[in-house]
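Subject: Structure handover

Hello,

The structure we discussed is below. My notes follow it.

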Amino acid sequence: MLEQEYSYIGKSLPRVDARSKVTGEAVFTADISLPRMLVGKILRSPLPHARILNVDVSRAKKVRGVHAVVTGADTAGEKWGVFRYTRDQQLLCVDKVRYVGDEVAAVAAVDEETALEALNLIQVEYEELPAVFDCHSAIAPDAPLIHDDWPRNINVNVKIDVGDVDAAFKDCSLIREDTFVAEEDSYFMTEPYAVVANSHSDGSIEVWMPNASPHTKAKALSNALKLPLSKVNVRKITIGGAFGGRSDVFPAEFITCLLSLKSERPVKVVYSREENSIATRMGHAMITTIKTGVDREGRVLARDIVSYLDGGAYSSTGPIATSVPFLCHEQTYRMENVRFHGYRIYTNKPVRGMIRIHGRSFACGIDTQLDMIADELGIDPVTIRLRNARQPGDTTPTGSHVASCGLVECIEKTAEKSDYLSKLKNPKPNHGIGMGCNSVQTGFPLGIRGGSQAFIKFHEDGGATVISGVVDNGQGNDNMLAQIAAEELGLPLEEIRLISADTEVTPTDAGSYSMISTFGGGNAVKTAACDAKNQLFKVAAGMLKAEPTDLILRNRTVYVKGSPDKGVPIEKVVRKALIMGRPIMGRGSFSPEVDQKREWITNPKGQLSQTFSFGATVTEVEVDPETGHVKALEVTAAQDCGFAINPMVVEGQFEGGIAMGGQGGMLGEEHRWHKGHLLNPTMLEYKMPSIKDMPKINSIIVETIDPGGPYGAKEAGMSVAMSAAQAYCNAIGNALGIYFNHYPLTSERILDAIENKKPGIRTAWEFEPAKILETDSEQS
Amino acid sequence: MTVNGDPVDVAAPPSATLLEVLRDELGLYGVKEGCSEGVCGACTVLMDGQPVRSCITLALEAEGATITTIEGIARDGALHPVQEAFIANGAVQCGFCTPGMILSAKSLLDRNNNPTDDEIKTALAGNFCRCTGYTKILKAVREVSGQTKPSQTD
């Protein structure tokens, strides 16, 4: 269907949720106020690794105004995990603490002051244990074991081996092996984490918290609290960003629920900025060693990659986080023979999760090494990427068919817009230009929770309510659903009501974390809307004395095609249907076509996601060699998002991605540590861009119209953040003639690299490589 | 003090911040707490027309002052032009930074109704946003200031 024929789809309409946000009316979790609500505070471990010998809460319980105190003793001590084989975390510690910040006890009291007073009266006796704070130390033979069931502190071991890598290396005219290191990056969503839990006398509990899937949180809480799933109601709430850091269940909500159940009152826990950094999630620090072999023209024939991921104290979504950095790049670039060993390693530090810029040492490593190879062969960076770029109709190394792919178009358009090759040939002093390419999945195999369903009900006045499990983290999913419904139902956008992300009412949905909200959730709503439309047409056909197939729905009216004067208002059809005893109730569902037998560890092959988005980003910078300061001049991002349901919203994702992955991610974002203590948990010392730092951004939306996506749409949320990181890295490198391999590229690192620059095509620094590890079994 | 045009008397301990009083005593939850150390700007309110960080302003300092929060800038059911521009230009994603950002912008435009890009950026430099990359925020503020073209290559 051509864009011009749409009323709402493909248009840059203002978002339906914007008004309540500009007035301050939108309710975030910390804004909730319920009668008799208590304040909850959590007591955390001050040590990175210790046995808990005793927890004495007797004095805390006696403080006037304290209504509940909980410790590990109030739980069954069971270990929780996202996967059956990653069950390693007691959501309230019972026997051990494993990082500075691990949850040990909690208090609910009438106000914050009382809660803190009670917290101070809880006495915990610890027996300190030796701790490890980085991957190499954690896997050393004498390293202390953080979890008894995971030898050598190896939490996850992903092994992928496709083709014949060793034989293919023999055919290469050039082979490089380089190691790339990235420190932890962190989400720093503007809203600090918070939970409100309200238990009821019927044994049910309502919970509000930022999340990337209310159904995932509800199921986990149901298991952990030993309550039936139907009694755990996770409610809709305005969410201040997620970026991958609010997906799986946290001790915070488990503890808040316990406090509410025990006190029989609503309890609110609001995290400080410091707690948001330490006690939710952060990104993985990574060491990635990449060995790549190419033919004379720079086509990759073989690749062998080993990654160490610093996972922190618990698994979280470990198997996914360990795999996705590799999977994104096996999608982006052709590599017939490839081996990947990904090791997620426990350390005594806060827990790491999936983050929008997945595995920046991996991503930047692949793209920077391509530049190095191009340099050695005398090819330019654009040509080498075109020669290796994913093409539509390809199959990825692990067996995914690629239905739509505009990567080549994205590379060509960004190169053209930025005048890449001529700037490369005629560089201004201290100016550089660099490119990065990305590909991101739209949904993975998630078993019974991999699909999305939706219902649509009509009101007597012809308005409609869409009921969907899709969650909005701020990226605009609510608006996306409303725009789709408005288009299909012929109603003005303002007349679409939305009930979403409430597990008591809304049907299941896969969650926003696998970039599937538009592809899956949007398709489900579209299907439900078409179903509702067909029901309307069956009724209207009688009223208009026409065939249902002759009818169209536009501007609140059902028309006969070609006779705009021969129509009946929607509300009349709705009322007629009610009289007939056949009320209009639309239903739809969508499950992506993925290989459900695919598993991250035991079977990492088969269709990973029904489709993939692709893109390229080019960054131009100016570097001051005296100070190491980088000024980003201009960024051009082209992304094949399939189809832009709302171009203004899609651009917003590009721009936000560039700020987070590039401007922030590559120039200043890292966590710094001292023996497991986080030195920069807040915005004061974790440097992120302000409005003054941002360069000019050119957004190019490429539309390949995916055969499976709603109106052809795929995703646009994660991808540009990744390739922006790569592009910034390569641009700075180009400006200085240095290949950087330690991120982020702070002024200190840049100056150090300039000062110690050695001749030849080499990385700026040498690091101990990540090596294949002997493990007892393939499955950890 | 006067809050959004209404005279208000609040009893609060000496250590109470203006943020706590506005949210917990007066129910003005549009004022957000993002960092509690005066860095992110989510708590920005206007005190006698000037943007202040309410999380590090003692409530006592607001004695006798005129306070404007996000709840107070619409007039007779009509949104303020900055609010309208934010909606129209896609300058709102998750919305958590939005109240503070809008107040900083409004305060600038009240003092200088034709700011350059640099002046806009300086006025908003203390408001952190993680979602938008600031591009459409800048565009929205430019639009309200009557600029039809950027005042320099942006």
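Is the crossing of helix 2 of chain B and helix 3 of chain B left-handed or right-handed? The crossing is right-handed (a crossing is left-handed if the near helix is turned anticlockwise from the far one by less than a right angle, right-handed if clockwise).

This is a predicted model: local features need pLDDT of at least 70, side-chain atom pairs count only at pLDDT 80 or more, and totals for chains, interfaces and linings use all residues. Residues are numbered from 1 along each chain as its sequence is written, with chains lettered from A and ligands numbered from 1 in the order in which they are written.

Helices (H or I, at least four residues) and strands (E, at least two) are DSSP runs, numbered from the N terminus. In chain B, helix 2 (residues 81–88) packs against helix 3 (residues 98–111) at an angle of about 125°, with axes 9 Å apart. Axes are lines fitted to C-alpha atoms, for helices over the stretch in contact, and angles run from 0 to 180 degrees between N-to-C directions. Val82(B), Gln83(B) and Phe86(B) of helix 2 meet Thr98(B), Ile102(B), Ala105(B), Lys106(B) and Leu109(B) of helix 3 (contact: C-beta atoms, placed from the backbone, within 7 Å).

Between the chains, 45 residues of chain A are in contact with 44 residues of chain B. Helix 17 of chain A gives the largest share of the side of chain A that touches chain B, 8 residues.

Helix 7 of chain A (residues 251–263) is followed by Glu264(A), whose phi is positive, near 60°. The 13 residues of helix 7 should span 18 Å at 1.5 Å a residue, and its end C-alpha atoms are 18 Å apart, which agrees (expected span: 1.5 Å times one less than the number of residues).

Regards

Technical notes
Two residues are in contact if their C-beta atoms, placed from the backbone, lie within 7 Å.
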